[in-house]
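Here is a short report on one protein model.

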Amino acid sequence: MPISKILVANRSEIAIRVFRAANELGIKTVAIWAEEDKLALHRFKADESYQVGRGPHLARDLGPIESYLSIDEIIRVAKLSGADAIHPGYGLLSESPEFVDACDAAGIIFIGPRADTMRQLGNKVAARNLAISVGVPVVPATEPLPDDMAEVAKMAEEIGYPVMLKASWGGGGRGMRAIRDPKDLAKEVTEAKREAMAAFGKDEVYLEKLVERARHVESQVLGDTHGNVVHLFERDCSVQRRNQKVVERAPAPYLTDAQRQELATYSLKIAGATSYVGAGTVEYLMDADTGKFYFIEVNPRIQVEHTVTEVVTGIDIVKAQIHILDGFAIGTPESGVPKQADIRLNGHALQCRVTTEDPEHNFIPDYGRITAYRSAAGFGIRLDGGTAYSGAIITRFYDPLLVKVTAWASTPAETIARMDRALREFRIRGVATNLTFLEAIITHPKFRDNSYTTRFIDTTPELFQQVKRQDRATKLLTYLADVTVNGHPETRGRPTPSPKAAEPVLPYIDGKVPDGTKQLLDKLGPQKFAEWMRNEKRVLMTDTTMRDGHQSLLATRMRTYDIAHVAGTYARALPQLLSLECWGGATFDVSMRFLTEDPWERLSLIREGAPNLLLQMLLRGANGVGYTNYPDNVVKYFVRQAAKGGVDLFRVFDCLNWVENMRVSMDAVAEENKLCEAAICYTGDILNSARPKYDLKYYTDLAVELEKAGAHIIALKDMAGLLKPAAAKVLFKALREATGLPIHFHTHDTSGIAAATVLAAVDAGVDAVDAAMDALSGNTSQPCLGSIVEALKGTERDPGLDPEWIRRISFYWEAVRNQYAAFESDLKGPASEVYLHEMPGGQFTNLKEQARSLGLETRWHQVAQAYADANQMFGDIVKVTPSSKVVGDMALMMVSQDLTVADVVSPDREVSFPESVVSMLKGDLGQPPSGWPQALQKKALKGDKPYTVRPGSLLAEADLDAERKAIETKLERKVDDFEFASYLMYPKVFTDYALAADTYGPVSVLPTPAYFYGLKEGGELFAEIERGKTLVVVNQAMTTTDDKGMVTVFFELNGQPRRIKVPDRAHGASGSAIRRKAEAGNSAHVGAPMPGVISTVFVAPGQAIKAGDVLVSIEAMKMETALHAEKDGTIAEVLVRAGDQIDAKDLLVVYGA
């Protein structure tokens, strides 16, 4: 009687594959499932399904693998369900002759070879002997290895190293190990035996000669019960990792017709000699250098990679297996298998195994819930999946295969292109996958030109360089969920934006971007451009909104999202601008530290939006964009990257106007052929004869010195807004006479009269001035751009800017500013008090915030007076970052401790100076014109010696290669040159930012309200993650906090449901893992390389160990892995016990100090 009901003694993908074939044949199907597989898809794809491994009939519950290996359980279910045939699939019991015997005894058809054939071919040693007997070449090998290790060593020497250790039974790479050194033999044999026993129930292993440059080729054969045997050509399976096949092809693209025929002949000899019945695979090594074939083994079952053969021959191998066991002869229509002469190749096929192995972490199998699943489709693509769908749970107990992707096309090149397209179509979220690794393999030149061998993956490190998944959408959803539940630390407890305020609307302007100052600089070069500036009649304008405007008014918290969006409008509507000041200063630090943004991305986006305008940055001389001194080569490296990134005009200053401290930066800018604008920081009052230190000659001498140092432009940087209109007329007239370079004026409007000072400067001949767009001007920011333009309209110095477009852009900034209500200062209007304290505009609001945090809010005017007093105590210095911070630190200390200047300088009173003060008086910031007050310096340094040379000259050059290696080790990835420059400026800030960005993705693409406040239930946002790729996100609902302190946020992402769990930290949840994690780079930590179960612990606290000793062994994915000590030492902690379930990177063992 024909087969009517098939039980598949397997799980997941292969079980579903057999069910589909049986269903097409009208045959009923039965699935089995273990407790750990109760949600697996194969259970629901069958007509009936039954649990194995649990129940009252068993003395004990069986484990997840053990359940599928129980012959008694499978036969029980077959009888219970009435199945008259069993298909074993691959792996598990598929190569067990005892299983075949049990089927025969129960009167059940086994869809596979006979038991005697399995015994003859399933044992690799017996199969070798058979191959030799029929004239098929074999690789030299040993008999099964005895327990006597001395004898094993002798056998290995006879074969000759290197050797390959293999399990006699089973396949799938289990127990296989390459051994190149005799000292590793005993350890590897012991582990291989243990692994073989765990996987196959037999610990028999043997050695064979290792062919170093080998290809793995296999023939598919089919035999019937009438003595007919055919081959279905060959497959290439050379792309392997840890002896596991990763990518398979049919036919092998590198074989000649003669080689193809030679291989087929060998395979038919072996199949014929065993009267083979069913599907089998004859495997060979091909020496890539000689072209010779060597028989390896026969797998008496269907293979994972059978799909490529089906695609190129048109033969359904699973159906053929069933027909053959129904008694049909090969060559008849009923068998589904033509005669050999009629079996032909059609095109080329390629299969990739998509798994949950994580290529970023040494292919540790991942597990968890698949939160999103989108598969490939289209002409020439076949999918054979297991439990792979959105919502599916991947457990740690089984093979990590998700889906097999098979591509077909008429040529190898087209097949590769089709597969590449298909892999890129996949979107799998919630668990790690090897998709990017597969893409790297099939697009590699060695794969395309067929020059790869079985060592391809092991010897091609570049395959691992681009394996990191972007998964930007999931990361952004994680961020949105977190900030929605927990709020943003920067806005929590602060004023919120007005809900009635208008949303920002970008003023629309279309058309070609006209040429501007950027094109002029490229054409003329820095020196000629400076001459053009000097000769230009109109006053040139720099808009500071994108840098100093928000730095002064909004604590530098303006995000890239709002800045970059309007850059294109500036380029088209205000092309007459000299520059956009958009980078450097505090923005560099804040963007990473507080906004989780890449400052280089901001620069790039502004450059892209405004390709016609000069981009300007503020560079703190020897301090770069930091607050400390750096080695000269670090400063030079940073300037080089800034120039490459898009900066055209570098405003270079020193916080004490010490030209010596500016030279390295100035020279670096000149080397990059960019504009060097050397700044003179203005302080004091040139018209006040009571303060002669900073008189007119002081400033004109500095201008001459800076011109000689190589400046292209001289800037007067009035960072506190101290320059008054009358003084401006005198100063700029004198500067114009002292130097032939153009003069650029920068001021702040803290006093409320800065616009008058600007107009006086324009009358005195200044060449360029800074101003902020109306909505972000005034107070501690720059004077109002629109008002200055209107005041000069119609005069010979008219800047030529369109007032209407200034207003439109200002309306945009006005709406944007509302979103930053949390960062507004409480300064309601101008403050003439600035002439007392002389604080820079950018420091004013920050120092007020510091005073508030110290409880000095009601004593602000005392702080202001103390600031002025501290400045005089230091000798009346220039105050700008970082020297202004030092004065501020001293002022806060004096007020909080009720100290006067007399108290501080008194030799009889002990004072603990702020660290910043000690550093400055030692010489770390450089030297003021008259040096430091000696008595104060002596008291603060407490015997430490000051120095007067340039601080950078005392620093050794940084080892840039070592520094790059350090951060790449920390991040476990490569960093580009821009990132490395960030790290050199701010090592900790950049590291923290990079780790946060890896967790939360490109948050700079989120609209500002969503970034700071999250997304309310029912809220929707659009986020363009790259040009032409927009995410649509809706917050559908949120749960209350569960008993573990977690909140689930239900999103809709591009119409698909997604859910994200985050800890509710407001109610005490931490979200931290239960187990400690091994720290990357900590040599005292031994972490888990993969999730699994601890099978054995070999060490205890206090135990002395030597390198090579086994610490613990882990069982995972049907494999046992021993972790060996990498060094001698003593064990301090053991954090696991046998039977513990562990996750990847869990800390297992700690070495003592």
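Lysine 1061 is exposed, because its relative accessibility is 54% and the cut-off for exposed is over 50%. The model is a predicted one. Lysine 1061 sits in strand E34, residues 1056-1063. Beyond its neighbours within four places in sequence, lysine 1061 contacts Asp1042, Met1046, Val1047 and Thr1048. Phenylalanine 1050 is eleven residues from lysine 1061 in sequence. The C-alpha atoms of these two residues are 8.9 Å apart.

Serine 1113 is a buried residue. Its relative accessible area is 0%, so it counts as buried. Strand E38, residues 1110-1116, holds serine 1113. The side chain of serine 1113 makes a polar contact of 2.6 Å with the side chain of serine 1095.

Threonine 117 belongs to helix H6, residues 115-122. Threonine 117 counts as buried because its relative accessibility is 1%. Leaving out residues up to four places away in sequence, threonine 117 touches Gly122, Thr274 and Tyr276.

Helix H9 covers residues 185-200. Glycine 201 follows H9 and has a positive phi, near 80°.

Helix H16 covers residues 472-486. Its 15 residues should span 21 Å at 1.5 Å a residue. The end C-alpha atoms of H16 are 21 Å apart, which agrees. How much of H16 is buried? The count is 14 of the 15 residues, so H16 is largely enclosed by the rest of the structure. Just after H16 comes glycine 487, with a positive phi of about 80°.

**The largest cavity**

The model has two cavities of 30 Å³ or more. The largest cavity has a volume of about 50 Å³. Its lining is made of Arg249, Ala250, Pro251, Pro253, His348, Ala349, Leu350, Pro412, Thr415 and Ile416. Strand E11 (244-250), strand E14 (348-355) and helix H13 (412-425) each give two or more residues to this lining. By class, the lining residues of the largest cavity are seven nonpolar, two polar and one charged.

Proline 251 lies in the loop between E11 and helix H10 (257-273).

**Backbone exceptions**

Most peptide bonds are trans, and most residues other than glycine have a negative phi.

| Site | Feature | Angle |
|---|---|---|
| Threonine 881 to proline 882 | cis peptide bond | omega about 5° |
| Asparagine 779 | positive phi | phi near 55° |
| Glutamate 838 | positive phi | phi near 60° |

Proline 882 is in the loop between helix H32 (860-873) and helix H33 (883-896). Asparagine 779 is in the loop between strand E30 (768-771) and helix H28 (785-792). Glutamate 838 is in the loop between helix H30 (834-837) and helix H31 (841-853). Is glutamate 838 buried or exposed? Its relative accessibility is 4%, so glutamate 838 counts as buried.

**The chain as a whole**

The protein chain has 40 helices and 42 strands. Along its principal axes, the C-alpha trace spans about 115 × 70 × 60 Å. The chain has 1153 residues, and 58% of them are buried. What share of the contacts with a separation of 6 or more comes from residues 24 or more positions apart? That share is 70% in the protein chain.

Key
Residues are numbered from 1 along each chain as its sequence is written. Side-chain values use heavy atoms; hydrogens and water are left out. Helices (H or I, at least four residues) and strands (E, at least two) are DSSP runs, numbered from the N terminus. Buried means under 20% relative accessible area, exposed over 50%, partly exposed in between (1.4 Å probe, protein chains only). A polar contact is a pair of N or O atoms within 3.5 Å; within protein, one must be able to donate a hydrogen and the other to accept it, and residues adjacent in sequence count only if both atoms are side-chain atoms. The expected span of a helix is 1.5 Å times one less than its number of residues. On a 1 Å grid over the protein atoms alone, a cavity is a set of points where a 1.4 Å probe fits but cannot get out, and a pocket is an open set with protein on both sides within 12 Å along at least five of seven lines; lining residues have an atom within 4 Å of a point. Grid points are joined across faces, edges and corners, and a volume is the space filled by probe spheres set on the points. Ala, Val, Leu, Ile, Met, Phe, Trp, Tyr, Cys and Pro count as nonpolar, Asp, Glu, Lys and Arg as charged, and the others, Gly among them, as polar. Contact means heavy atoms within 4.5 Å.
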